[in-house]
Amino acid sequence: MSVSTPTCALLLKASAILDKESALLDAVAAESTPTFENTFARIFYEENFNESDYLVTRLLSQLSPNKQVQTAAHKALELVIQNSTKQLTRIDVYSKLLAVFQDKDKAQQLDMEDQMLMERMIAGYKRVGALLPTNKQEILQTLESRIAEITMDISQRTECNSRHVLLTKEELAGLPEQFFVNLQTKKVGTIFKYVVSASGSDAVSVLQYASAEHTRKSVYMASSPIGPSDMELLQEVADLRRVRAIFLGYSSHAEYIFKDMAVGTPNDMLSFLKNLYCQLSPIAQRELDQLKQLKQAHMESLGQRYNSFYEWDIPFYKRVFLENAKLADLSGFSHYLPLSAVVQNMFAFIHSILGLKFKRAANANAWHEQVELYDVWDEKNNSYVGQLYLDLIARNSKYGGAATFPLKLGFERKDGAREHAAVALVANFHKPAGGESILLSHANLATLFHEMGHVLHILLSRTKWTAFNGVYVNRDFSECPSRLFEQLAWDKLVVKVVAEHHITGESIPDKVLCGLDVAKEQFIGLKYLREVTQAIYDLTVYSKPDTANVCSIYAQIEGNMALRNTGKATVYNWHTVRGMIKGYDAALFVYLWGKAVSADMLYSRIYSKGIFNSEMWNEYRQTILQPGGACVIMDNVTKFLGRNPQNEALLKLVGLY
């Protein structure tokens, strides 16, 4: 399916593929002498090619500038998801697959990836209740359909970059003049107001620089896409997932999810998180007290009464604290981070460590005219790797954050030739009026590197089946490659390579770079306390065998444990509840866990040979990225480290070791 597929064709294409898949399963069920080739391989050879249609449809549902295309794509996705669950309950197909799987002598003649494919598919049938009586299967299908309906509905409504606040120049006092160049204006009565996005870099700038508290509050309050009605729907989702887990013989949804993970039990992970919380809590409280004292002194200097310290005060007074103490000021970084140069210099850095060349295509023929397309080549053996689409500029009705969207996953054709992956790196950097350069903040740079870690995992996976591409690695490892690459944005040697002045092209001075180490260590308790409490919330909701009240648990954890004060207003933090919508249900901890494992690999192995050591990066590529999910990934991590993973690197990062 093309990224420019017409609206009407999306549903027709989805229906045609589903009909073809149904006919294929009929043929498998009719096999009198089932073998690996005429059952498992037959199904997944077809899946290798059909996967791209699903991925492109998913991309269009989030990135197409045409709302009709987005809506049609969402409907097509609902159709595919509903059908997938039904197909996995076909006992006639399962019986043929099981017969092949149970023939251990023949199974042992297959390679490891084929054996893992069989294990995954058999487990998949069991996980959707294929062995249950028909009446219970029908109940499960109803549950699955409702869960998919709710999560896709909330996703569609919350992920587009469309939340704005109208503010006057006076209300935006404290913002640098460069900020206003990016903004549109709207006439309200007789007054022109600036249209300020409540998400992305606009919101970050306002929260850091707006001197008026009511301005910061208005942007913060508008920043969350989740409201009370959404929480009611998420309550329903949590209940449905709990019922599904019990139907399938699990005590909780978390136990159901952890079945495919290598990190132990939900209780093991909760214990780890709560122990980390206990260590971080006093550090975070001290940091918060410092900021409270700063606000109190600031209000007194203005002759105003200090009332309380709120969530929207944190970014502003963190910046003031760092500037007053002359510890670190990362605002100067922006002049050395013009987007176009950063991208090309990042490509050059990747070339130096992994030997990949990024060549821009003359015509992207993509879903939007701003999208750039790069062909990726491996210089070492002059082989083609795949395609990278860059969709980095903010626009209305576009997915509102940063993400990686695969369009096609690499796989091995029957003739042994390779189908190559294609992936889109998506962000929302605001384009200034008048053609000025887009200048990134250091946080933007870290985000870009994070998503590039996902991109490399997808492009460099060399698996036989799309089912094992890097994007489908075990969920508890899914964020490790991205968090490893994200940490490089804090490395002064790497930043020195990617940064250059947006006008003169000169390298970033050491006096600007020196702020990195200091900034990295400041308010680290609050930062990681929030990550920990978000993961605790997610696991607490889904670990309960009985009904878990998502709102009361939220109030307890966010209000008390996370030290988050929003006054009398209830603002549901997107980062805390996103796991329930974004496929990280009972697994939001993977971001923190990913940082622990990736920090161990980065500091124990990669830094031991030097950050530019291509041999070490090639070992990382071959051991971690290339196998994708077609291995026991934590065994590969152990092989790369030369020992079992340890948490010391994470504890060092958060100042606890």
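Trainee: Which helices each supply at least two residues of the lining of the largest cavity?

Mentor: This is a predicted model. In it, α11 (228–247) and α21 (524–543) each supply at least two residues of that lining.

Trainee: Which of them gives the most?

Mentor: Helix α11 gives the most to the lining of the largest cavity, with three residues.

Trainee: Turning to the largest nonpolar core, which residues touch the most other members?

Mentor: They are L388, M452 and F589, in a core of 148 residues. Helix α13 (residues 266–301) gives the most to this core, with 12 residues. Another core, of 26 residues, lies apart from it and includes A41, I43, Y94 and L97.

Trainee: What is L388 in contact with, leaving aside neighbours within four places in sequence?

Mentor: With that exclusion, L388 contacts F347, F358, E372, L373, Y374, V376, V423, L425, M452 and V455.

Trainee: Now helix α10. Which of its residues are buried?

Mentor: In α10 (residues 213–223), the buried residues include T215, R216, V219 and Y220. Viewed down the helix axis, the buried residues of α10 fall within an arc of 130 degrees, so they line one face of the helix.

Trainee: What covers the buried residues of α10?

Mentor: The covering elements include β1 (164–167), α9 (200–209) and α14 (314–324).

Trainee: And S598: buried or exposed?

Mentor: S598 is buried, as its relative accessible area is 0%. It is found in helix α24 (residues 590–609). The side chain of S598 reaches the backbone oxygen of G594 at 2.7 Å. Leaving aside neighbours within four places in sequence, S598 is in contact with C480, R483, L484 and Q487.

Trainee: Lastly, where is A130 found?

Mentor: A130 is in the loop between α6 (112–127) and α7 (134–158). With 0% relative accessibility, A130 counts as buried. Beyond its neighbours within four places in sequence, A130 contacts L88, T89, I91, Y125 and Q137.

Trainee: How far apart are A130 and L88 in sequence and in space?

Mentor: A130 and L88 are 42 residues apart in sequence and 6.6 Å apart in space, C-alpha to C-alpha.

Notes:
Residues are numbered from 1 along each chain as its sequence is written. This is a predicted model: local features need pLDDT of at least 70, side-chain atom pairs count only at pLDDT 80 or more; totals for chains, interfaces and linings use all residues. Side-chain values use heavy atoms; hydrogens and water are left out. A nonpolar core is a set of buried Ala, Val, Leu, Ile, Met, Phe, Trp, Tyr and Cys residues joined through side-chain atoms within 4.5 Å. Buried means under 20% relative accessible area, exposed over 50%, partly exposed in between (1.4 Å probe, protein chains only). Helices (H or I, at least four residues) and strands (E, at least two) are DSSP runs, numbered from the N terminus. Contact means heavy atoms within 4.5 Å. The arc is that of the directions from the helix axis to the C-beta atoms. A polar contact is a pair of N or O atoms within 3.5 Å; within protein, one must be able to donate a hydrogen and the other to accept it, and residues adjacent in sequence count only if both atoms are side-chain atoms.
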